[in-house]
Amino acid sequence: QVHLVESGGGLVQPGGSLRLSCSASGNIFKLPYMAWYRQAPGQSRDFVASIENDGTIKYADSVKGRFTISRENARNTWFLQMRTLKPEDTAVYYCNAIVHQLGQINFSQSWGQGTQVTVSS
């Protein structure tokens, strides 16, 4: 079993910043892919950013230049630094990972429970 736990959400004014963290624990050999998604009320869960073992980083167009994804491999932890936040960034943010578990051949996908980010004055 692999568990992902997010932290760092909250209420922030437009133009402000927040930093989300996601820590993975459990039967982990490698995390080749780490990502963030978000889901606003009544909407689908959308891709925000991802980072891979080879250093490849991708962002949704809506967050390019404002959000930065990073990772600390030694701690199986990754982050989403969010700057210049807008009301339309309000959503529940979920971390996501592709996991290679110890003793397993296949890869699996894990999700965190989500953390609320609200951008409002």
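Colleague: Is Trp111 buried, partly exposed or exposed?

Modeller: Keep in mind that this is a predicted model. The relative accessibility of Trp111 comes to 34%. Buried would need under 20% and exposed over 50%, so Trp111 is partly exposed.

Colleague: How many aromatic pairs does a search of the whole structure find, and how are the rings of Tyr37 and Phe47 arranged?

Modeller: The search over the whole structure gives 2 aromatic pairs. In the pair of Tyr37 and Phe47, the ring centres are 5.7 Å apart and the planes stand at 80 degrees. Planes over 60 degrees apart count as edge-to-face, so the arrangement of Tyr37 and Phe47 is edge-to-face.

Colleague: Which strands hold Tyr37 and Phe47, and how many residues apart in sequence are the parts they tie together?

Modeller: Tyr37 belongs to strand E4, residues 30-39, while Phe47 belongs to strand E5, residues 45-52. The pair therefore ties together parts whose separation in sequence is 10 residues.

Colleague: How do the rings of Tyr37 and Trp111 meet, and how many residues apart are they?

Modeller: Their centres are 5.0 Å apart with the planes at 65 degrees, so this pair is edge-to-face. Tyr37 sits in strand E4 and Trp111 in strand E10, residues 107-111. The pair links distant parts of the chain, with a separation of 74 residues.

Colleague: Which residues form one aromatic cluster?

Modeller: Tyr37 has an edge-to-face partner in Phe47 and another in Trp111. The one aromatic cluster is formed by Tyr37, Phe47 and Trp111.

Colleague: What stands opposite Trp111 in the strand pairing, and how many residues lie between E9 and E10 in their hairpin?

Modeller: E9 and E10 run antiparallel and are joined by 5 bridges. The residue opposite Trp111 of E10 is Asn96. In the turn of the hairpin, Gly103 has a positive phi of about 80 degrees. The number of residues between E9 and E10 is 6.

Colleague: Which rings have the charged end of Arg19 or Arg45 over them?

Modeller: The charged end of Arg19 is 4.0 Å from the centre of the ring it sits over, that of Phe79. Arg45 lies 3.6 Å from a ring centre, over the face of Tyr94.

Colleague: What are the salt-bridge partner and the bridge partner of Glu72?

Modeller: Glu72 is partly exposed at 33% relative accessible area, and its side chain meets Arg75 in a salt bridge of 2.6 Å, N to O. E7 and E8 run antiparallel with 6 bridges joining them. The bridge partner of Glu72 in E8 is Thr77.

Colleague: What is the strand order of the open sheet of 4 strands, and which are its edge strands?

Modeller: The order is E1-E3-E8-E7, with antiparallel pairing. Neighbouring strands of this sheet are turned by 15 degrees against each other on average, direction ignored. Those that pair on one side only are the edge strands, E1 (2-7) and E7.

Colleague: Which element gives the largest share of the largest nonpolar core?

Modeller: That core has 29 residues, and Trp36, Trp78, Leu80, Met82 and Tyr93 touch the most other members. Elements giving two or more residues include E1, E4, E5 and strand E11 (115-119). The largest share is 5 residues, and it comes from E9.

How values were computed: Residues are numbered from 1 along each chain as its sequence is written. This is a predicted model: local features need pLDDT of at least 70, side-chain atom pairs count only at pLDDT 80 or more; totals for chains, interfaces and linings use all residues. Side-chain values use heavy atoms; hydrogens and water are left out. Rings of Phe, Tyr and Trp (its six-membered ring) pair if their centres lie within 6.5 Å; planes under 30 degrees apart count as stacked, over 60 as edge-to-face and the rest as tilted. Buried means under 20% relative accessible area, exposed over 50%, partly exposed in between (1.4 Å probe, protein chains only). A charge sits over a ring if NZ of Lys or CZ of Arg is within 6 Å of the ring centre and within 35 degrees of the ring normal. A salt bridge is a side-chain nitrogen of Lys or Arg within 4 Å of a carboxyl oxygen of Asp or Glu. Two strands pair if DSSP finds at least two bridges between them. Axes are lines fitted to C-alpha atoms, for helices over the stretch in contact, and angles run from 0 to 180 degrees between N-to-C directions. A nonpolar core is a set of buried Ala, Val, Leu, Ile, Met, Phe, Trp, Tyr and Cys residues joined through side-chain atoms within 4.5 Å.
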